[in-house]
Amino acid sequence: MPWTSRPRRCPVLGDGALEQLKREGRIVVVGASLAGLRAAETLRAKGFVGSLTMIGDEPYEPYDRPPLSKGVLLGRARAHRTALPRLRSVDATWRLGVPATGLDMAARRVRLADGDDVPYDRLLIATGVRARPWPRPEEAELDGVFVLRTRDEGAALARRLDEGPKRVLVIGGGFAGSEVASACRERGLPVTVAERGAAPLVGALGGVVAAVAAGLHREHGVDLRCGVMVTALEGDASGRVRAAHLSDGSTVETDVVVVSLGALRNTEWLNGSGLGAGPRGIACDAGCRAFDIRGIVTDDIYAAGDVARCPHPLFGYQFLSLEHWGNAVAQAGIAAHNMLSESIDRLPHMDVPAFWSSQFGVNVKSVGVPSMATDILISQGSLDSRRFVGVYGYQGRVIGAVSFDHGRWLPFYKELIERTAPFPPQFPTVDRHTDGQQPMDADFPDPSVPSHGPTVTLSGYSPADRRMTFTPAH
Amino acid sequence: MSIAVDLNRCQGYAQCAFLAPEIFTMHGDEALLYDPDPDEAQREKLAQAAAACPVQAILVDAVDKPAEAVPGAR
């Protein structure tokens, strides 16, 4: 019989295991936001038909956050209607409103706050970040003190703005803080912005561009106070915030305070698990595989989105952790792909960082890592017109670019960053005005001086750079 | 209906704002504001806007929201 005469096929161990994983494996995704959802969709698109569990601490299906600081505060969209579109069916078991509280790497189980244990064959961690709270709890709990990161926080702040407060104080002039201030001004509300650095956005984009941002604030009627810190918030007898005290001795009378001091990574639940996770995020390789605390890469635990930090070949293999929408999407796709691939087929996450903001009617976009730079060249438009492209240089190469209402040029500069093109760019550009003839000091603050930081965190170093000292400026 | 716009891709061509002004509006010269959960009556216009976007930055539900995503559901 032909059956018996055929040599018996010996399955290759790796292939067989992978096929089995795809067919009947258990994949758990902790974090039901943008990265988690896109990873789940990619897993299904790549033929994973096993069991998929999505764990999220908020009781909501995955939603989009960018509208929260823009359309929602302007009253043009509602916070509870920003659910993310489903690009395909994910056919998952959803555990929403239940945070993960622990990880047992040896037993391959995720522990949940309700006492349940969820076993996995592959785990993706996409727990993201949360807003950094005001450091003094008794002041943070005053009625009228807000942070803005989640849907509930966006809804609560929007509701309060609807009531027409007499003044809004925004603590921190980063992207989120500037967007809040912009929305308040558009609604006609008096706004004070208190920023520790010399100008808004200075940590992310440097002093040259930050001066333009400061001009935007002031032109739109924001009471901008730079180089000051808020030292205390004061409440009235009913527990409602009524004033803020500043380090320069002044007092701001206010009934709404928006604390916009950056974010904290949601990694506490991994404490003691043995995974290489801490306040800076989860260390992983370029393929999104997480490291354990011994520096050994795991093969079954992956990280994606704001909580991950990965070495990036274009930026000296420094570990980058990015709080960017596009990064969450790209990294989720890479993690999901690699989870279902043999080592030879795995892909690196090499996306060039990119993000956007809109404030005071201006579209601000950036590619690369401007905060790594020392120099800037205004390559198109002019600072005076607030319509320009700034190209950032570091050690003789193009490392980033920013545009104010000139976004269509950015893909071109993204390509220069990918090619590690020389800085200053050795070609003339169209629409170059007088202030763009020469590169200048990008004027990033001394890292030892506190300012509102960028949304890109650089950590770790490249062995090749051992003899160099990394100083973003000065 | 849920939509999201990949604003890294968006180049401010404003085709969507012409075709579906109830959903998309320009905010200043270049920035885009949109309603993430437009009315069902806008479905046809939304489809046209998404198709017309030169950089295909508009993401729209491809499947109906499954009942699985109910808060607290297992």
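On a 1 Å grid over the protein atoms alone, a pocket is an open set of points with protein on both sides within 12 Å along at least five of seven lines, while a cavity is a set where a 1.4 Å probe fits but cannot get out; lining residues have an atom within 4 Å of a point. Grid points are joined across faces, edges and corners, and a volume is the space filled by probe spheres set on the points.

This is a predicted model, in which local features need pLDDT of at least 70, side-chain atom pairs count only at pLDDT 80 or more, and totals for chains, interfaces and linings use all residues. Residues are numbered from 1 along each chain as its sequence is written, chains are lettered from A and ligands numbered from 1 in the order in which they are written, and side-chain values use heavy atoms, with hydrogens and water left out.

**The second largest pocket**

Let's start with the second largest pocket, whose volume is about 650 Å³. It has 31 lining residues, and those closest to its centre are Gly326(A), Asp351(A), Asp6(B), Asn8(B) and Arg9(B). Two or more lining residues come from each of these elements of chain A: helix H8 (325-339), strand S24 (354-359), strand S25 (362-368) and helix H9 (410-418). Helices (H or I, at least four residues) and strands (E, at least two) are DSSP runs, numbered from the N terminus. H8(A) gives the most, with five residues. The lining splits into 16 nonpolar, eight polar and seven charged residues; here Ala, Val, Leu, Ile, Met, Phe, Trp, Tyr, Cys and Pro count as nonpolar, Asp, Glu, Lys and Arg as charged, and the others, Gly among them, as polar.

**Where the chains meet**

The size of an interface is often given as the accessible area lost when the parts come together. Chain A and chain B bury about 3,200 Å² between them, 51% of it on carbon and sulfur atoms; buried area is the accessible area (1.4 Å probe) that two parts lose on being put together, summed over both. On the chain A side, Arg81(A), Arg86(A) and Arg408(A) lose the most area to chain B, together 19% of what that side buries. The contact (heavy atoms within 4.5 Å) takes 44 residues from chain A and 35 residues from chain B.

Arg81(A) also takes part in a salt bridge with Asp37(B), at 2.4 Å from N to O. The count between the two chains is one such bridge, defined as a side-chain nitrogen of Lys or Arg within 4 Å of a carboxyl oxygen of Asp or Glu. The chain A side that touches chain B divides into 17 nonpolar, 10 polar and 17 charged residues.

**Cavities**

The structure holds five cavities of 30 Å³ or more. Here are two of them:

| Cavity | Volume | Lining by class |
|---|---|---|
| Largest | about 170 Å³ | nine nonpolar, three polar, three charged residues |

Among the 15 residues lining the largest cavity, Lys70(A), Trp356(A), Leu7(B), Leu32(B) and Tyr34(B) lie nearest its centre. S24 and S25 of chain A and strand S3 (31-34) of chain B each supply at least two lining residues, and S3(B) has the largest share, four residues. The second largest cavity is also lined by 15 residues, with Cys10(B), Tyr13(B), Ala14(B), Cys16(B) and Cys53(B) closest to its centre.

**Two backbone details**

Most residues other than glycine have a negative phi, and most peptide bonds are trans. Arg108(A), in the loop between strand S4 (100-104) and strand S5 (109-112) of chain A, has a positive phi near 50 degrees. Phe423(A) and Pro424(A) are joined by a cis peptide bond, with omega about 0 degrees. Pro424(A) sits in the loop between H9 and strand S29 (440-441) of chain A.
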